[in-house]
Amino acid sequence: MPFIEATGGTKTLIDLGGVSYWRHVFTSSDTFTVSEAQADDVIRLLLVGGGGSGGDGGGGGAGGLIDEDDISVAVTSYSIAIGAGGIFSRNNGSDSTAFGKTALGGGGGANVNNNGLNGGSGGGGGNQSGDVSTGGNALQPTSTDGGYGKAGGDGYPTNPYPGGGGGGSAAAGKNATSSGPGAGGNGRSISARFGTGIGESGRIAAGGGGSAYSNDDGWAAGGIGGGGDGGDTTSASEDGQVNTGSGGGSNSSEGGDGGSGIAVILYIANIAPDVPTTLQVTSQNIDTTPSFSCDVSDPNTGDDVKARFEVSTSAGSTVGTVDSAFVTTSGTVTAEYTTALDVGEYRVRVKAIDEHGEESAYTNYVDFSIISPAFVSGVGGFITKGIVPTKTQAQGRWSVNDVHGYKDNDQWPTA
């Protein structure tokens with residue numbers, strides 16, 4: 001199974017539905033550098049533009065959101081640009097770009113007597129006497145790269161002239177009514193696809209809340225996902241949450257700034273093999289070149305995995321290693337240490353290695369011995385050096401081919 005190796009942003013290992021992924025989170029502009037990839041390797045991308053600022057009445061619109069699978073990557077470096085949030089008043093956020101795709105900045109919320117600005121999601125309409133101040137349009141869904149964004153809510157044309165909420169990536173900003181300003185639209189839910197710890201309450205790219213022109217007649221909440229609340233004379237408007245691409249809340253004194261954008265990259269992780277089990281010295285008829293076996297397994301189904309047996313003296317000096325053949329996913333593997341060992345006490349341990357070079361930890365040691373040639377009465381001569389036999393083998397149940405020499409009869413086990 002092919003796997004990507006890459007660096008850039010903040011890299012963490014996460015689990016989604018029982019599958020392990022590497023996640024790279026980019027909260028500022030950076031480079032995603034791929035050091036290992038094959039032709040069919042792909043990533044999942046979340047890209048959000050900077051949120052629009054709140055205005056005098058309308059909440060800021062969220063940055064456009066792209067959520068896309070199966071983006072091919074190669075061994076190279078990719079520039080990741082994170083858009084800044086718009087600054088009060090009535091300013092759009094900046095675009096975020098990655099892999100040739102663009103998440104548009106959110107539309108700025110309207111000021112007095114003008115409309116919300118178009119953007120990734122539209123800014124909320126303001127407060128305008130006699131005419132409805134309209135919310136801005138969402139441009140992200142119809143852009144070349146597609147994606148998510150919603151329109152801003154409309155302002156209301158009579159006193160106290162409340163403004164509309166900024167559009168979010170999942171819901172349009174609420175229209176203002178005679179009862180008060182409109183709330184910001186909610187952001188899109190992302191936890192199931194990109195894990196926790198991003199955005200607000202599992203959502204991202206929300207619209208900012210509207211406010212009333214008189215500044216004493218109420219404010220509305222920002223959308224879930226980082227949208228800033230509107231404000232009045234007793235409470236300042238809020239900025240859109242940083243790195244959510246959310247819109248700022250509005251206030252006739254000073255609206256909030258938009259939140260900066262974000263990029264998140266996911267790809268299936270290569271997990272190191274499990275520590276081998278059932279390590280044994282299996283040689284029975286090969287003496288100075290013992291054989292070993294163990295069970296290996298890899299959590300990545302379809303990966304090839306092998307064992308590496310390390311032989312050391314009893315004093316701890318490494319003598320050498322020998323690898324088994326690969327098996328797919330799991331199985332019992334064996335290997336023969338083909339360089340003849342001298343007489344002495346030894347020990348062996350083993351680790352697993354997958355086809356990508358990821359390694360498990362070593363097992364504990366298993367001890368074994370190599371002893372001198374021996375003359376056995378009744379056999380008719382010396383036999384070769386070999387592994388220490390068990391008590392049962394030493395009590396007369398061996399054939400000539402089975403005996404692996406003790407020097408004298410007093411070396412045979414007695415208990």
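Predicted model: local features only at pLDDT ≥ 70, side-chain atom pairs only at ≥ 80, totals over all residues.

Analyst: Two strands are taken to pair if DSSP finds at least two bridges between them. Strand 3, residues 19-26, and strand 12, residues 262-268, are joined by six bridges, and the two run antiparallel. Within this pair, Tyr21 is placed opposite Ile268 of strand 12.

Both strands belong to an open sheet of five strands, whose order is 2-3-12-5-6. The pairing in this sheet is antiparallel. Its edges are strand 2 (10-16) and strand 6 (65-72), each of which pairs on one side only. With direction ignored, neighbouring strands of the sheet are turned against each other by 25 degrees on average.

Another open sheet has three strands in the order 1-4-7, and its pairing is antiparallel. Here the edge strands are strand 1 (5-7) and strand 7 (77-80), and each pairs on one side only. From one strand to the next, the twist averages 20 degrees. Three bridges connect strand 1 with strand 4 (residues 30-36), and these two strands run antiparallel. Ala6 has Val34, in strand 4, as its bridge partner.

The side chain to examine is that of Glu310, which is located in strand 15 (residues 304-313). Is Glu310 buried or exposed? Its relative accessible area is 9%. Buried means under 20% relative accessible area, so Glu310 counts as buried.

Which residues surround Glu310, once its neighbours within four places in sequence are left aside? Glu310 is in contact with Thr318, Gly320, Thr321, Arg347, Val348, Arg349, Tyr362 and Tyr365. Two residues of this list also take part in polar contacts with the Glu310 side chain, as follows. The side chain of Arg349 makes a polar contact with the side chain of Glu310 at 2.8 Å. The side chain of Tyr362 makes a polar contact with the side chain of Glu310 at 3.4 Å. For such a pair of N or O atoms the cut-off is 3.5 Å.

Glu310 and Val322 are separated by twelve residues in sequence, and their C-alpha atoms are 6.7 Å apart in space.

In short, Glu310 of strand 15 is buried at 9% relative accessible area, and its side chain makes polar contacts with the side chains of Arg349 and Tyr362.

Conventions: Residues numbered from 1 in each chain as written. Heavy atoms only, no water. Helix = DSSP H or I, 4+ residues; strand = E, 2+ residues; numbered from the N terminus. Axes fitted to C-alpha atoms, helices over the stretch in contact; angles between N-to-C directions. Buried < 20%, exposed > 50% of the residue type's maximum accessible area, 1.4 Å probe, protein only. Contact = heavy atoms within 4.5 Å. Polar contact = N/O pair within 3.5 Å; in protein donor to acceptor, adjacent residues only side chain to side chain.
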